[in-house]
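Here's a quick briefing to read alongside the model. Have the viewer open and follow along, topic by topic.

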Amino acid sequence: MKENIYNRSIADILAHFRVTTDDLQKVMHEALKKGGDYADLFFEHTFNNNISLRDNEVNRASSNIDFGVGIRVVVGDQTGYAYVENTALEDMVRAAKTAASIANMPKEVSSVHVDEKEFRNYYKIEKPWPDFSVNDKKSFIQRLNDRIFELDNRVVKVSVSLSDTTSYILFFNSEGLLTWDYRPMAVMYASCTMEQNGSLENGYSSRAYRKGFEFLGNDLIETLAQEAVAKTALMFEAVKPKGGEMPVVMGAGGSGILLHEAIGHAFEADFNRKNVSIFSDQLGKQICNSQINVVDDGTVEYARGAINFDDEGIESQKTYIVKDGILESYLHDRISAGYYGVKPTGNGRRQSFRHIPMPRMRVTYMEDGDMPESEMIASVKSGVYVDNFTNGQVQIGAGDFTFFVKTGYLIENGKLTTPIKDINIIGNGPKALADITMVGNNLKIDEGAWTCGKDGQGMPVGQGLPSVLVSKLTVGGE
């Protein structure tokens, strides 16, 4: 009989990591005894499996196991950090002493009262990945490959991959919080190359969720196949438009990259605490149209960026960054929250036990407005419609951004006309936010495999947007 992970207790998870509460107390004592204000222990055991197909056959599979504990000591806004790749008591104590060296005010430390806590689960799974073998997954990879070839005789090459990750997390801090999490992740990706009259084009599709083996199914295969082929086929019809400053309608879903890159990073509190962000002096001020509400939300069920609690033990929540056009809150970890005298927002995240937590986004989106997308398009005499992005980058200080748009459409006299491809959208985050004049009623959370990079750490995130009209952005075309 296969084990139900949700029947486990704290005692089971402690045993999983081969530690006891006495061990935790001893390590915590070493972490605090030089005068640290706060300390936490972040245990992680992660299994990652990948399987991929190329040239019509499954030809690669790999697995990786990561195990260890990171120990953090905070003094004011300074952090001491050390980690070990095991949970032997003597090694954890040594790491705690290293992390504690940031402090130099020795003090008496009493045992921490242990408060076991269970948080709401936003990604309860049905079929844990460790219960399934490579052979269980192969048929889904092969079926996706075959379906893409079936859909269009111009397809000449297909690549498919499936990645599944399972992470056990155990967390203990100097406030006495003792809790654990079981974090699944699944990503399926397909790309295809098509040939028409000697010309080659390629496109891709992906889906990513915090789900178990139930993630796989006929609907997923059909959706990915149809999307990859449709995106690629459109490229044969597309042209590069004439560049310049013009209105841009950003379609629902993937256009959420505007929020993530151009605006979201600038709302992370560490950039504001250090006066790097262009929004550092804008808290409580009107920064855009009063119709606009921007949210960072860790509670979107099964989303790639969802978390039950952050990597500092703060319960997940929905945080309004912008409310009715007013900058309501930054995204805080414990350090920035202490600096601003507010509660943490559950945005303290880390790539693994080897990394310190910092303010990071989870699922960032704009709430619905009241405008049908068709009316936005109809209001534009000459501009572009975009909804298929591949990447972007931003200068946090100035707020200047560039996005690469894979495909979209010209808007001519209020109608979508010629498909366009391979253009850049260039602008300034605060200005673009202020220049949003219409907000759609069709919010969509994009379900692609988005990963956010910051200070060398990659994090799974989500993003979404209803369609919006930005009155002017620079389009880099011909």
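The largest nonpolar core here has 45 residues, and Met250, Ile292, Met366, Ile425 and Ile436 have the most contacts inside it. A nonpolar core is a set of buried Ala, Val, Leu, Ile, Met, Phe, Trp, Tyr and Cys residues joined through side-chain atoms within 4.5 Å; buried means under 20% relative accessible area, exposed is over 50%, and partly exposed is in between (1.4 Å probe, protein chains only). Helix α6 (residues 257-264) gives the most to this core, with 5 residues. Keep in mind that this is a predicted model: local features need pLDDT of at least 70, side-chain atom pairs count only at pLDDT 80 or more, and totals for chains, interfaces and linings use all residues. Residues are numbered from 1 along each chain as its sequence is written, and side-chain values use heavy atoms, with hydrogens and water left out.

**More on the cores**

- A second, separate core has 35 residues, including Phe17, Val19, Leu24 and Trp180.
- As background, nonpolar side chains tend to be buried together in soluble globular proteins.

**The sheet**

- An open sheet of 6 strands runs in the order β11-β10-β9-β14-β22-β19, with mixed pairing; two strands pair if DSSP finds at least two bridges between them.
- β11 (326-327) and β19 (444-446) stand at the edges with a single partner strand each, so one side of each has no neighbour in the sheet.
- Helices (H or I, at least four residues) and strands (E, at least two) are DSSP runs, numbered from the N terminus.
- Strand β10 (residues 318-323) is joined to β11 by 2 bridges, and the two run antiparallel; Lys323 has Ile326 as its bridge partner in β11.
- α6 lies across β9 (294-297), β14 (363-366) and β22 (462-465), at about 110° to β22; axes are lines fitted to C-alpha atoms, for helices over the stretch in contact, and angles run from 0 to 180 degrees between N-to-C directions.

- Tyr83 lies in strand β3 (residues 78-84) and counts as partly exposed because its relative accessibility is 39%.
- Setting aside neighbours within four places in sequence, Tyr83 is in contact with Val69, Gly70, Phe353 and Arg354.
- Asp435 sits in the loop between α10 (429-434) and β18 (436-439), and is buried at 13% relative accessible area.

Notes. Contact means heavy atoms within 4.5 Å.
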